[in-house]
Every structure is written in C-alpha cells, then in structure tokens.
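Welcome! Please take a first look at the sequence and the fold below, and then let us walk through some of the features together.

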Amino acid sequence: MASDALELRSEHACFGGMQRFYRHASRAIGLPMQFALYLPPQARAGARVPALLYLAGLTCTEETFAIKAGAQRLAAELGLALIAPDTSPRGSGVAGESDAWDFGVGAGFYLDATQAPWATHWRMESYLLHELLPLLTATQPIDAQRLGICGHSMGGHGALTLALRHHGVFRSVSAFAPICAPAQCPWGRNAFTGYLGQDESTWGAHDASVLMGQQGSAPYPQGILIDQGLADQFLATQLHPHLFESACAQVGQPLTLRRHAGYDHGYYFIQTFLADHLQHHANRLA
C-alpha cells in the first residue's frame, strides 16, 4: 500500500455527516498508522470546511475520541471536521513498546525521537505536520488555512507544544488537563530521557511552559483555552498548569484556564466541557 493510499476500514453515518476510520502506510513512521476522520454534513455537500486535530492521551487509540467524547453532534452543527490520529507507532518490534505506556516511553508524546531504539519509528511530529495533515487537506474537503489543534493529557502536551512550534499551521489551540511542563514531571522526564537523551537542555523544545516563555509576543492573541479538573489524580504530580499559566502571563498570551471542582482526568470531564472547546475553535476558524 502506497503511503498516500488511504484504506477505509469502516464508516458510519453520524448526525448527517460521516465518521470514518482509516489506515495507511506512513513514510514518516515507517509503519502502518490509523486515524479517525469525522466529516460534517457541510463537507459531504461539497464545502471545504475547517478542521480540528485532536490528540489523545496515554493508553488511547484513534478510536477513543470518536467513541467517548460525543463531539460529532456539535461538530455537525458547526461544520467542523474532526481528525483524531493514533497516539503512537505500533508493531515496531522495539522492546518496551507495549509494556511501558503508563510510564511514558512507548507512547508517542507527539515529538520526533532522536535516541535509539525509538528514533526510527517514533516520529509523531513529522508524521502529523508533514504527512497526515498535508495528505488530508489534499484528499479531503478540509481547508488547510483553517486548522485548530486540541488534546487531552499527553495529547494536551502535544497540542500546546505543536501549536507553539508550528503556529503558522494552527489558528487555534485548546487542551484538556494537559501535561504543561513535561520536563518537570515523571511522565515527561521518563519519556524525554528515552526519546531525546540525557541532555536536559534539549528538552525545552518540547515543553509547553518553556516554549511559551520564549515567545517574544503572544502567538495566539485570540486566546488559548484550557480546562482542568481539580479532582484529577494527576494534577499535583504530572500536569502543572500553573507553570504554563505563569509563562503565558510573562509574554502577554491571553489564556482562559478554568479549574473545575469535582472533575477527574477522564472522558466524562471531557464530555462536560467539550462544547466550549469546539465553539472556541469554530469561532477562530470561521
């Protein structure tokens, strides 16, 4: 199968649009990759529509957001396509791929690894920016000039860092319970050591709080939206939203960081506040 050939695994009518699941051979990863694509009814009628790239977290797949978040109904009303890639390479044969997900290494972290044995296949940043998005904007009714990015947990880290590293690509950004300072938490330090090596001076290029602090001006003057549950079991040890909040204040980046009593780290939390995120992106991608 050529890398630009999309294999349609399944499709399902949904709120007047179509939820599809695809597989293709990835040049960047060197392995087959899978992703979900929701096309709203406006796209099926022939319009080129804005799209939201959603990055999921540890232990998730390309199916998690499509099945658990309940995003399609409002996306159909807003005319917003939803792209949800798998989180990571699979089937590489690298020792530790399948048994280290909860600790970070093995999960993609949405960066390009530089260290063996991960560097061959763990190239998620290149895959998303230089392969998947160009492929979809070339073959699907998606407007390449109207792309937003959102994510949860590890995917929230990916959304923030990729938005800051590629703000010419993305016009809007939001996150749910993101890992905001991975260089200062166990998940991130373990992953960065494995993927990027022992030299911590290289880690800041993939740390949202560091990247934001290096901005000369607000990269997203229309604002960034983050929701965080206060009953999240990972808040104190892994997520550190206050560090990203401080970095935004330092450079004058408008940030709406909402802290919600009683909400944990899971998809019930995401379902509760997802409509606000979809509207946030639709407003900025209009």
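Cys150 counts as buried because its relative accessibility is 1%; buried means under 20% relative accessible area, exposed over 50% and partly exposed in between, with a 1.4 Å probe and protein chains only. Cys150 takes part in no disulfide, and the nearest cysteine sulfur, that of Cys180, is 13 Å away. Cys14 is buried too, at 18% relative accessibility. The closest cysteine sulfur to that of Cys14 is in Cys150, 18 Å away, so the two are too far apart for a bond.

How many disulfides does a search of the whole structure find? The search finds zero, where a disulfide is a pair of cysteine sulfur atoms within 2.5 Å.

## About the model

This is a predicted model, in which local features need pLDDT of at least 70 and side-chain atom pairs count only at pLDDT 80 or more, while totals for chains, interfaces and linings use all residues. Residues are numbered from 1 along each chain as its sequence is written, and side-chain values use heavy atoms, leaving out hydrogens and water.

## The sheet

Nine strands make up an open, mixed sheet, in the order β1-β2-β3-β5-β4-β6-β7-β8-β9. Strands (E, at least two residues) and helices (H or I, at least four) are DSSP runs numbered from the N terminus, and two strands pair if DSSP finds at least two bridges between them. At the edges are β1 (7-14) and β9 (255-260), each pairing on one side only.

Further in, β6 (residues 142-152) and β7 (residues 172-176) pair in the parallel sense over five bridges. Here His152 stands opposite Phe176 in β7.

## Helices across the sheet

Helix α10 (residues 267-285) lies across β4, β5, β6, β7, β8 and β9, running at about 175° to β7. Helix α9 (residues 241-251) lies across β8 and β9, at about 155° to β9. For these angles, axes are lines fitted to C-alpha atoms, for helices over the stretch in contact (heavy atoms within 4.5 Å), and the angles run from 0 to 180 degrees between N-to-C directions.

## A buried glutamine

In the loop between α4 (124-139) and β6 you will find Gln140. Is Gln140 buried or exposed? With 10% relative accessibility, Gln140 counts as buried. Beyond residues up to four places away in sequence, Gln140 touches Leu6, Arg20, Tyr22, Leu37, Leu39 and Arg48.
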